[in-house]
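Have the model open as you read.

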Amino acid sequence: MLAASIKGKSVIVTGASKGVGKGIARVFAKHGAQVLVVGRDLKAAEAAAKELTDMGHTASGFSADVTKLPEMEKMAKAAVDRYGGVDVLCANAGMFPQVKIEEMSPETWDDVMATNLKGTFLSVKACVPYLKKSGEGRIVITSSITGPVTGFPGWTHYGATKAGQLGFMRTACMELAKYGITVNAVLPGNVMTEGLIELGEAYMKGMAAAVPMGKLGTVDDIGHAALFLASREAGYITGQTIIVDGGQILPESQDAMAQM
Ligand code: NAP
């Protein structure tokens, strides 16, 4: 079975108390991994972990802020203490306040950089000593189509971080290759998270109309791509990206969609 190698692995997912990260954590847990569910709000992280343990899987919550190195170090140590090491880091935590350049404060810019880009670096830095010991360590970064491929008004800062994560990845994978560690990224399109679902069915229908496959992605869709990249079978893939967007980036015009 593909990804059978995930069974028993110690997996950290940052930003796993809700949204995409929660889906990634669920997919790994369902495949037998031991999952550390990380977010700043301990109660939310523990509640998300409990959903997994209630299903008979192995998971626990942990509170840590990806913008703070000491907290990332404690997070990595917690995975070692609870699950015997760190085999997989899913660097997923992110934020995306929508604000156009003219209204954006330098503080907002810095916040988004700190969480999405510096947070990726700090979580990787904290886990590398343990990923080296794993022998087949895996880092899977949640980037986005926004930034590396597409643009969206109000997300200059966000797009810059999501493209920046890929620049980080391409050198990180070279530095870490000699330890058997791979570094890859998943680029989701529009995913049905709790936040999006709250905006209502009409809103989601409008967004789905721009996707050739006619529907939005699920958090499990992103989880399955991350699972593949973390598997033993993907051990010769590093520095690469998988776009998971139902074909969203492909239509070259609205007319192209209309002619489908
Ligand atoms: P979300 O629903 O808002 O969830 C964000 C998660 O990150 C929460 O668990 C949150 O928990 C955690 N988090 C935020 N800041 C953190 C910090 N400083 N330290 C630790 N944890 C933190 O977001 P999402 O939509 O799932 O997005 C998750 C990732 O997917 C992001 O990297 C985003 O760029 C990417 N993505 C999402 C979509 C989409 O359609 N949703 C599309 C493309 C890419 P706490 O608040 O408790 O810390």
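## Strand β4 and its partners

I12 stands opposite L89 in β4. The two strands here, β1 (residues 10-14) and β4, run parallel and are joined by 3 bridges; strands count as paired if DSSP finds at least two bridges between them. Strands themselves are DSSP runs of E with at least two residues, helices are runs of H or I with at least four, and both are numbered from the N terminus. This is a predicted model, where local features need pLDDT of at least 70, side-chain atom pairs count only at pLDDT 80 or more, and totals for chains, interfaces and linings use all residues. Residues are numbered from 1 along each chain as its sequence is written, and side-chain values use heavy atoms, with hydrogens and water left out.

β4 also pairs with strand β5 (residues 138-142), again in parallel, through 4 bridges. There, C90 stands opposite V140. Together with helix α4 (residues 106-134), β4 and β5 make a right-handed β-α-β unit (clockwise from the first strand over the helix to the second, with the strands pointing away from the viewer).

## Two faces of β4

In a regular strand, side chains alternate between the two faces of the sheet. In β4 (residues 88-91), V88 and C90 point one way, L89 and A91 the other, and all are buried (under 20% relative accessible area; exposed is over 50% and partly exposed in between, with a 1.4 Å probe and protein chains only).

## S10 in β1

S10 lies in strand β1 and is buried, at 1% relative accessible area. Beyond its neighbours within four places in sequence, S10 has contacts (heavy atoms within 4.5 Å) that include V88, D87 and Q34.
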